[in-house]
Amino acid sequence: MIQIALQKKLSAATGEMLLDINMQIEQGKLVTLYGSSGAGKTSILRMIAGLLQADTGTITVHQKTWLNTSTGICLKPQQRKIGFVFQDYALFPNMTVKENLLFALEKNQDKQIVKELIEIIELEDLQNRKPNNLSGGQKQRVALARALVRKPEILMLDEPLSALDKKMRIKLQDYILKVHKKFNITTLLISHDISEVIKMSDTVFMIENGKIIQQGNPIEVFTTKKVSGKFQFTGEVIDIKKEDVIYIVTVLIGTNFVKIIAEENEIQTITIGDPVLVASKAFNPLLQKIN
Ligand SMILES: Nc1ncnc2c1ncn2[C@@H]1O[C@H](COP(=O)(O)OP(=O)(O)OP(=O)(O)O)[C@@H](O)[C@H]1O
């Protein structure tokens, strides 16, 4: 179990903002932080990593205290077992992919993990290339591998996919899920993309003005009423066409287009670009906007 209680006064655009959060995260879970820009998500990750000092608070990771401001315990960032991936890849440009990974090894650490990560994240063909010769998605795969070299207890991903196109995002999401499960790691992901949050996370924390305003299973957090269905997918509305008295709604689910017949009352609040939940009971799909 990871227990986090942090307080810090931040200087937001609108004045002072008190960040005050309390989170309990089970080991091995993938948790997302979702919220508007400036809500405090990155500051939370930076405080857990020890890169930003909390005014008061405690962080306990599997019974080990990383931070306790009342007793003066504050582990240095390098003493906290954390892997971090940012939106910008921060790879060393003068080193090859493999050298970037080897450089991340701890002193006397077995090099086997680098070989293993190259295999798992399928970097064999790229390992001798320099970062400048890689696409954004490939660079982010390298950054993900590098974050895992020291076998961290917590993997932190600060919007790692936001600069990538949809197809590449989906591929990277799958790599993240693969390593998350394979290494039984606890992962904290910041994401602005509801479909991504629903696909990836066990729990979402919705952050607003430095506070957790909602938390729980992502489908329950994002949908206003409970939907039960034989299958459920999330997607994005690409097109809405009226045909006689019904509407044909085209939804992009992953990289597939699905056409759904909807009635006027179902599409009243839905516009192109909205994230939606597509659920089916028997052969009758239900369409519901995700808030
Ligand atoms: N070291 C600091 N001291 C005081 N205030 C800070 C500090 N770092 C960030 N802030 C402020 O805290 C607020 C929250 O920033 P933060 O980057 O945590 O938000 P965020 O939710 O991650 O936003 P985004 O989604 O845009 O990345 C911002 O207004 C920022 O200016």
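Predicted model: local features only at pLDDT ≥ 70, side-chain atom pairs only at ≥ 80, totals over all residues.

Guide: Residues are numbered from 1 along each chain as its sequence is written.

Visitor: How far apart do the C-alpha centres of domain 1 and domain 2 lie?
Guide: The domain assignment, which is automatic or from a database, gives domain 1 as 2-222 and domain 2 as 231-289. Between their C-alpha centres the separation is 33 Å.

Visitor: Which element gives the most to the side of domain 1 that touches domain 2?
Guide: Contact here is two C-beta atoms, placed from the backbone, within 7 Å, and seven residues from domain 1 and seven residues from domain 2 take part. Helices (H or I, at least four residues) and strands (E, at least two) are DSSP runs numbered from the N terminus. On the domain 1 side, helix H5 (166-182) and helix H6 (194-200) are the elements that give two or more residues. With four residues, the top giver is H6.

Visitor: Which elements give two or more residues to the shell around the ligand?
Guide: Counting residues whose C-beta atom, placed from the backbone, lies within 6 Å of the ligand, 13 residues surround it, and the closest are Leu10, Ser37, Lys41, Thr42 and Ser43. The elements giving two or more are strand S1 (2-12) and helix H1 (41-49).

Visitor: How many of the 13 residues of H4 are buried?
Guide: Helix H4 (136-148) reaches 19 Å from its first C-alpha to its last, close to the 18 Å expected at 1.5 Å a residue, where the expected span is 1.5 Å times one less than the number of residues. Buried means 20 or more other C-beta atoms within 10 Å of a residue's own, exposed means 12 or fewer, and partly exposed is in between, with C-beta atoms placed from the backbone. The cover over the buried residues of H4 includes strand S7 (82-85), helix H2 (97-103) and helix H3 (112-120). H4 is largely enclosed by the rest of the structure because its buried residues number 10.

Visitor: Is Lys151 buried or exposed?
Guide: Look in the loop between H4 and strand S8 (154-158) for Lys151. Its C-alpha atom is 8.2 Å from that of Ile82, 69 residues away along the chain. Since 12 other C-beta atoms lie within 10 Å, Lys151 is exposed.

Visitor: What is phi of Gln63?
Guide: Gln63 sits in the loop between strand S4 (56-61) and strand S5 (64-68), and with 7 other C-beta atoms within 10 Å it's exposed. Most residues other than glycine have a negative phi. Gln63 instead has a positive value, near 70 degrees.

Visitor: And where is Asn184 found?
Guide: Asn184 has a positive phi too, near 50 degrees. Asn184 is exposed, with 8 other C-beta atoms within 10 Å. The place to look is the loop between H5 and strand S9 (186-190).
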